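Subject: The structure I promised you

Hi,

Here is the structure for you to look at. Open it next to this email and follow along.

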Amino acid sequence: MSPGVISRLKARWVDDYKQWRQRSLQNKHYVYVWADGIHFNIRSEESRQCILVLIGVTDHGKKELIAIEDGYRESADSWEELLAGVEQQGLTIAPKLAIGDGALG
């Protein structure tokens, strides 16, 4: 692929992600929610970065990606920011079970 094609694809993916992050989660009910941070072995200036992932399972058994964002070492502030964003999208019904391992990495 040419650099121009890659640039256009990347711009489209960024727009798609922004729209996805703004989608309504109102009236969504997840019975089970799984939260974890994924760490990559990438050397960079900010080596403590990770990806925070929130996955839910509906009462019909369907798995859905609720949120995915970058965070700093799975810190409480990073998780609080992710969860506040999900709440702003309208997710207000608490799951029956939420699981996170509580360990960094």
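Let's start with a quick one: in which helix is Glu 87 found? Glu 87 sits in helix α2. Glu 87 is exposed, with a relative accessible area of 52%. For that word and its relatives, buried means under 20% relative accessible area, exposed means over 50%, and partly exposed is in between (1.4 Å probe, protein chains only). The C-alpha atoms of Glu 87 and Gln 26 are separated by 9.0 Å, although the two residues are 61 residues apart along the chain.

Before going on, some ground rules. This is a predicted model, where local features need pLDDT of at least 70 and side-chain atom pairs count only at pLDDT 80 or more, while totals for chains, interfaces and linings use all residues. Residues are numbered from 1 along each chain as its sequence is written, and side-chain values use heavy atoms, with hydrogens and water left out.

**The overall layout**

The protein has two helices and four strands. Read from the N terminus on, the elements run α-β-β-β-α-β. Helices (H or I, at least four residues) and strands (E, at least two) are DSSP runs, numbered from the N terminus. Along its principal axes, the C-alpha trace spans about 45 × 30 × 25 Å. Of the 105 residues, 27% count as buried.

Have a look at Asn 27, in the loop between α1 and β1. Its phi is near 65°, a positive value in a residue other than glycine. Asn 27 is also exposed, at 71% relative accessible area.

Tyr 30 is in strand β1, and with a relative accessible area of 2% Tyr 30 is buried.

**Salt bridges**

A salt bridge here is a side-chain nitrogen of Lys or Arg within 4 Å of a carboxyl oxygen of Asp or Glu. How many are there by this rule? The count comes to three.

One of them joins the side chains of Arg 21 and Glu 69 (3.1 Å, N to O). Arg 21 lies in helix α1 (residues 3-21) and Glu 69 in strand β3 (residues 63-72), so the pair ties together parts that are 48 residues apart in sequence. Arg 21 is partly exposed at 34% relative accessibility, whereas Glu 69 is buried at 16%.

Another salt bridge brings together Glu 64 and Lys 28 (3.0 Å, N to O). This pair also links distant parts of the chain, with Glu 64 in strand β3 and Lys 28 in the loop between α1 and β1, 36 residues apart. Glu 64 is buried, with a relative accessible area of 15%, and Lys 28 is partly exposed at 28%.

Glu 64 has a salt bridge to Lys 62 as well (3.9 Å, N to O). Lys 62 is exposed, at 52% relative accessible area. Through shared partners, salt bridges join Lys 28, Lys 62 and Glu 64 into one network.

**The largest pocket**

Rolling a probe the size of a water molecule over the atoms shows where empty space is left. In detail, the search uses a 1 Å grid over the protein atoms alone, and a pocket is an open set of points where a 1.4 Å probe fits, with protein on both sides within 12 Å along at least five of seven lines; lining residues have an atom within 4 Å of a point. Grid points are joined across faces, edges and corners, and the volume is the space filled by probe spheres set on the points.

The largest pocket holds about 310 Å³ of space. Its lining has 15 residues, and Val 33, Leu 54, Leu 83, Leu 91 and Pro 95 lie nearest the centre. Which elements each supply at least two residues of the lining? They are β1, α2 (76-88) and β4 (97-100). Helix α2 gives the largest share, four residues.

By class, the lining has 13 nonpolar, one polar and one charged residues. Here Ala, Val, Leu, Ile, Met, Phe, Trp, Tyr, Cys and Pro count as nonpolar, Asp, Glu, Lys and Arg as charged, and the others, Gly among them, as polar.
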